[in-house]
Every structure is written in structure tokens, then in C-alpha cells.
Amino acid sequence: MMEETTDNTGTISSQKNVAASGHNHHHRYKYISNYGVGRRFLFFASCFGFYALVAATYAWFVFPPHIGRTDHVSSSSLGCREDNEGSWSIGVFYGDSPFSLKSIETRNVWRNESGAWPVTNPVITCASFTSSGLPSNFLADPFLYVQGDTLYLFFETKSPITMQGDIGVAKSIDKGATWEPLGIALDEAWHLSFPFVFNYNGEIYMMPESNEIGQLNLYRAVNFPLSWKLEKVILKKPLVDSTIVHHEGIYWLIGSDHTGFGAKKNGQLEIWYSSSPLGTWKPHKKNPIYNGKRSIGARNGGRAFLYDGSLYRVGQDCGENYGKRIRVFKIEVLSKEEYREVEVPFSLEASRKGKTSWNGVRQHHFDVKQLSSGEFIGLVDGDRVTSGDLFHRVILGYASLAAAISVVILLGFLLGVVNCIVPSTWCMNYYAGKRTDALLNLETAGLFSEKLRRIGSRLNRVPPFLRGFVKPNSSMGKFTLGVIVILGLLLTCVGVRYIYGGSGAVEPYPFKGHLSQFTLATMTYDARLWNLKMYVKRYSRCPSVKEIVVIWNKGPPPDLSELDSAVPVRIRVQKQNSLNNRFEIDPLIKTRAVLELDDDIMMPCDDIEKGFRVWREHPERLVGFYPRFVDQTMTYSAEKFARSHKGYNMILTGAAFMDVRFAFDMYQSDKAKLGRVFVDEQFNCEDILLNFLYANASGSGKAVEYVRPSLVTIDTSKFSGVAISGNTNQHYRKRSKCLRRFSDLYGSLVDRRWEFGGRKDGWDL
């Protein structure tokens, strides 16, 4: 009994020791586990915090302040939002025939009393419609209706509230140069587009696309152009982009039904015929006329038109993406039994600016009419991005951010902060502490839980395996870790760029609902040719630049073939190397606005467009990007001095907009002769002289206007070593001397000061 008792006691004692040991081990494991969790939390928090800081800094430097692009819309912030269907707008073209049309820019339509002119395409945009109190994300599918000298334009407008298409209408009394938005002509509970408008028996009808409800509706104008009544359902088919043609006494309905079995979307076309546009419609014997590739132009791209005795159909090529380009087909045979057409050459002026041109990426709808003057007018919609661009960028953005997170986890593996991929509990034997020999016999290699345990165990061998290749304390290990950190930062910035950075399509800012263009002028010479090449390539792609004039002061000028430009470039070779050449009267300049911009200043196109927008509000002023303040000491100082005095009274013309006639005539006048002589003596200060002339001409009014450039603006003169301002002290002494001389000649600027932040747009802070 004693032996048994002792043995039992020993067993009990042993069990207590094991239990105590297990209890201590549990606490130790818990401590280590908590320590590991805390360490991992600090690691991930610091990594992601650092990456977020870099991403925010990157966004601050690179993205425009008003990335939503609604800042130019006066009455509503709802419209002109980025839309996954695109950013369609409408332009106007003129010519002697439908096949010789030129954009409105070639007509150089002027009204001198407004800085909004000359007019340029697009003539009507989402901003035009939104500013009238009718928020719109884009305008597309233009159809023209002519009443005498008044033009009515019907189009699809995408509502940012309902996210569906409505039919809008605008009016023009100047042959399409400008358009007055009238309102919404048709608004249904379903999506509407392609508003085919026509006249029949003295009534005006509209046949918009309404395939969403599976039928083709015909509306009659009750009070043209804003009031319409449903006349009848003319076809119980979900047709898209349908048009009616009256040919040889028969009415032909041409459209596409993409819902049929085997129908090729955007590659299918059908025809119906009737004795009246009101129906009844009978199908053509050859239906479907087409059912193939999306690039063949089967889907209608506008109204069929008659020219020189021949009938033409407009189609859209959707091969690369939806609405890529317009194609025109001559209909050779159209009968109840046969249909035959052949493509004819057709092209509209194409811009080389790509995404910065309103129709640089695609245009898919064309409507042409002959005016009473005999001239033809064509309306075209265009886009600077493709359908699905927003969705595509968001997917790429989040994929980049996910990759950046993976890089952080990899970094944790290599540093030993992260020791497992799957939770360790998944890898533990779930029978631990509970097994019996009977249960152990039941466990087999084929058990699903056992497979998971094995996979988890193998995965958790990955971190130590990777650490075997990278030693953090070695030079190679430090280099590898550095590359991984940089890779994560790059992926983060790429992700932010895709998600928040916009499509990259720089847009112009409308004024009074219209867009315009300006001439870009720069002065340079042979030693700065490398700079000029970069300058021309960059700024020729800005939306509102019409032409670049290079004022060549010295040395052999370059051949135009050396310059990569999206707009015409003209090199004006000067006889004398003089800074006064910058403001020489040039009758070949066709725009009212000129941007004088030094060839060593590189700034975003969006900054340029903002400056142009402000100048168009104040065309009588110098509008520029570099302010200066002149006080009673007549000492020339940098912008910091103006900031410290909270105001400015001068704008450097090395980056400034001006009225070409007003500014150049004033600079070359007899009154400015002594000033020009002094500029030649000092080989400096032509910009200061123009500021004094503007101040003198403005009387007590404001003479200059400031627009703040973004932080990514670069002055490349710091790298060239050939700038006249290379020696700052000497340069400032000369300019101080100019201030005193011009004050004696034209009056002082001391009594003038305009504060920063005086405008509502916030661009002058």
C-alpha cells in the first residue's frame, strides 16, 4: 500500500510539475506573442504611414488643385464630372462640300469687344450646358435643324444626377460660332440619345434612341424646340442609332438591333422600308445587311445625307474602341431586294495634341447641312478619352496599391518582423492535448484538415527561406532592402496617380461659355537650341496654343524639321540681337492673345490654361505668373519681397499674357522710344518697361494680374549657364537702375499695390 501510495503521489506530483511547466510556458508564449503582435503593428503602421506621406506629397506637387475640373463651372458644381462613358463635346466645321470641311479655327471668327474670341472648337461643352443651370457630364450625338438663319442643335446630354441621357437643345444665330443653351427638350424615365430630328408634312418630329425600353418612339413638336409629345411607337425593336432616309419615293429606316441571337455589337445593321415615316415598316429582304467586325462602320454615326445627286450613310468605326472614328459610305443600290454601299474618302482635321485636343482620341457622330448661303456646316462630337477609361484607371490604381502592400509584407519577411504567412493555429495539430491512440489511428494523410496543416506549415517556411538569401546587415542585403522600399514607393505613387490623378487629358477653361486660342511667343538664339526643342514639344500640346512664334535673335536658325510640334511653328529671324524684338509688331499673328514665355520656363499646361482664362476676363491687363513689388527704394527684388509686402505692382513678361495689338503698339510707340534705347544699353529690362507702359496707360485702374503657377514649374536656365540673369547680383543691380530710369520717364509704381487673393478663383493666392 505504501509503495502504491508513494507511486501515486509521485505520479500526481509529476502531473503537477508538468501542469506548472505548461502554465509557465503558456504565459511565456503569450508574452512573446503579444510582443510580436505589437512589433508587427508598429512596423506596418510606420511603413504605411511613410508611404501615405510620400503619396500625399507626390499628389500635392503633381496634381492640379482643382482635379475635379468643376472650378470653371459658375452656377453648379454637379456637371462636368469625370464619366466612365467619356468626356464628349461638340465642334463645328465649315466648307464648300461635306467632304472639304475645316474647323472653325480656320475662319478666325472675331468679336474684338470680348476676350473670349476668336472662337475655337469645341463650340458647346458640358460647361456650356452646366453654366446655364442644366448640369451635364458630356454632350454627344449632335443633330442640326435649320430655320432660316437660326440653327437649332439637338444632342444627348448625360445628367450627373440620374446618370442617364436626356435630349438637350441649343440655338445659334451666328452660323454656329456660338450657341445659347435653351434647355432639355426631352426627358424620359429611360436613357435617350441620338435625337434624329426631321420635318414631315409641315410637322417637326424627333426619333431618339430608346432601346432601353425595347422600342423606337416617334415624338412630334408641340412647341418647338422644347415641348414634344409622343406620336407613336413606330417599331417594337430595341434599335440603336436609327435614321430615316427618303429615297426614290420610299422611306428607309436604317438602324441596329444588337439584342438578336448572333448579332455582333456595333457590327450589325438592318433596314426597314415604308411609304411614310410614321410606318408601317417592313424588313429588308437582306437583313441583317451587315453582321461582322466592329470596324466596318456598320453602326450609324449620324444622319444620312444627299450630296451632288448621291446618297451617303455615316457609320462609326468601333474597331479599336467605341466611337473611334467616322466613316462615310456612298449608297450605290437601295431597293427592297438589294443594298450595296462603298466607302468613300472622308476626314476631318485631326490634331496632333492627343488627349489635350477635344477630339484627339475619338469622334463618332457627324451631321451636315447646307445653309442658305450655300456653305455647308458640319457638327461633330469628339472625346479626349476612351469609354471605360475611369474604370480602367481605378482597377490599375488599386492593383498598384495592392502590390505596394505586398512589397511591405515582403519587407517584413526579410527584416524578420513577419514570421508566418498563415496563422500559426492553422498549423498546430488540432488533436494536441486531446489525442488517444484510437483517435491517432483515425488520422490519415488524406484528411482535409491534415492537408491544410501541411500546406500552412510549408508556407510558413517561406519567411526564413527568404531571409536566407538576404542578410540585412550585409551591403547586398541593405541594397536589396532599399530597392524593395523604393519599389513600394513607386507602386504607391502609381496607384494614387491612377485613382486620383485624372485621365491626363488637360482641358482648356471656357470663358462666357466659349473657348479660344492664343499665340505662344518666345525669344532665343543658337546657344539655347536644345532648350527650344524641349520647349516646343511640351507647349505645342497645350490645348489652347494655336501657333508658336520663335523670335530668333542670334546665330543660324534651326530647320523646322528639327522641332517636334503639334501646332505650326514660325521662326522670325531678327536682324539685330535686341530684347526689344520680343514686342516687335507682327502682323502675321492671328490671335488677340499672345503668351510671352521664356524658353527656359517649364510649367504644366494646366497653369497655362488658367492664365489664359484669367486674361480673357481682363484682356486690357498684363496677366502673368511672376509678381514683383517696387517700393520707394526703387530696388529690384524677388517674389519673396512682394509676398512680405502682401501685394504686387508688376508682372514679369517672361511668362505673361497680353493683347498683341495693345501691348506691341504701345511698346513700339514714340512714347516708349527712350525706354527702348535704355533697354538696348543695359541689354535688360524690356519686361519692366512694358509694365511701366501698362501702368501709365491704365491710369488709376489695375494694370497687372497675377496667377500662381504650380510647384512643379522648373526654370531650366539654372542648368544651361547661358541666361542673362546668371549673375543674380549684377542682374538685380541693372534692373534697379531700370526702375529708377523708367520712373523718371513714365511715372512711379510706388503708389500702386494689389493684394494677393483678390479673385474668387483662388488662383492668385
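**Disulfides and nonpolar cores**

Numbered in sequence order, the bonded cysteines of the protein chain pair as 1-2, 3-4, 5-6. The model is a predicted one, and the count of disulfides in it comes to 3.

**Cys-80 and Cys-126**
- A disulfide connects Cys-80 with Cys-126, at an S to S distance of 2.2 Å.
- The link is right-handed, with 120° about the S-S bond.
- Cys-80 lies in the loop between helix H1 (2-62) and strand S1 (89-95), and Cys-126 lies in helix H2, 46 residues apart.
- Cys-80 is buried at 9% relative accessible area, and Cys-126 is buried at 14%.

**Cys-542 and Cys-605**
- Cys-542 is joined to Cys-605 by a disulfide, S to S 2.1 Å.
- Because the torsion about the S-S bond is about -80°, this disulfide is left-handed.
- Cys-542 is buried, with a relative accessible area of 0%, and Cys-605 is buried with 12%.

**Cys-685 and Cys-738**
- The disulfide between Cys-685 and Cys-738 has an S to S distance of 2.0 Å.
- Its S-S torsion is about 85°, so the disulfide is right-handed.
- Cys-685 and Cys-738 are both buried.

**Nonpolar cores**
- The largest nonpolar core has 80 residues, and Tyr-539 and Phe-742 have the most contacts inside it.
- Helix H14 (residues 686-698) supplies the largest share of this core, 7 residues.
- Among the residues that Phe-742 touches are Cys-685, Ile-688, Leu-689 and Phe-692.
- A second, separate core of 23 residues includes Trp-117 and Phe-511.

Definitions and conventions
Residues are numbered from 1 along each chain as its sequence is written. This is a predicted model: local features need pLDDT of at least 70, side-chain atom pairs count only at pLDDT 80 or more; totals for chains, interfaces and linings use all residues. Side-chain values use heavy atoms; hydrogens and water are left out. A nonpolar core is a set of buried Ala, Val, Leu, Ile, Met, Phe, Trp, Tyr and Cys residues joined through side-chain atoms within 4.5 Å. Buried means under 20% relative accessible area, exposed over 50%, partly exposed in between (1.4 Å probe, protein chains only). Helices (H or I, at least four residues) and strands (E, at least two) are DSSP runs, numbered from the N terminus. Contact means heavy atoms within 4.5 Å. A disulfide is a pair of cysteine sulfur atoms within 2.5 Å. Lists of a residue's contacts leave out its neighbours within four places in sequence.
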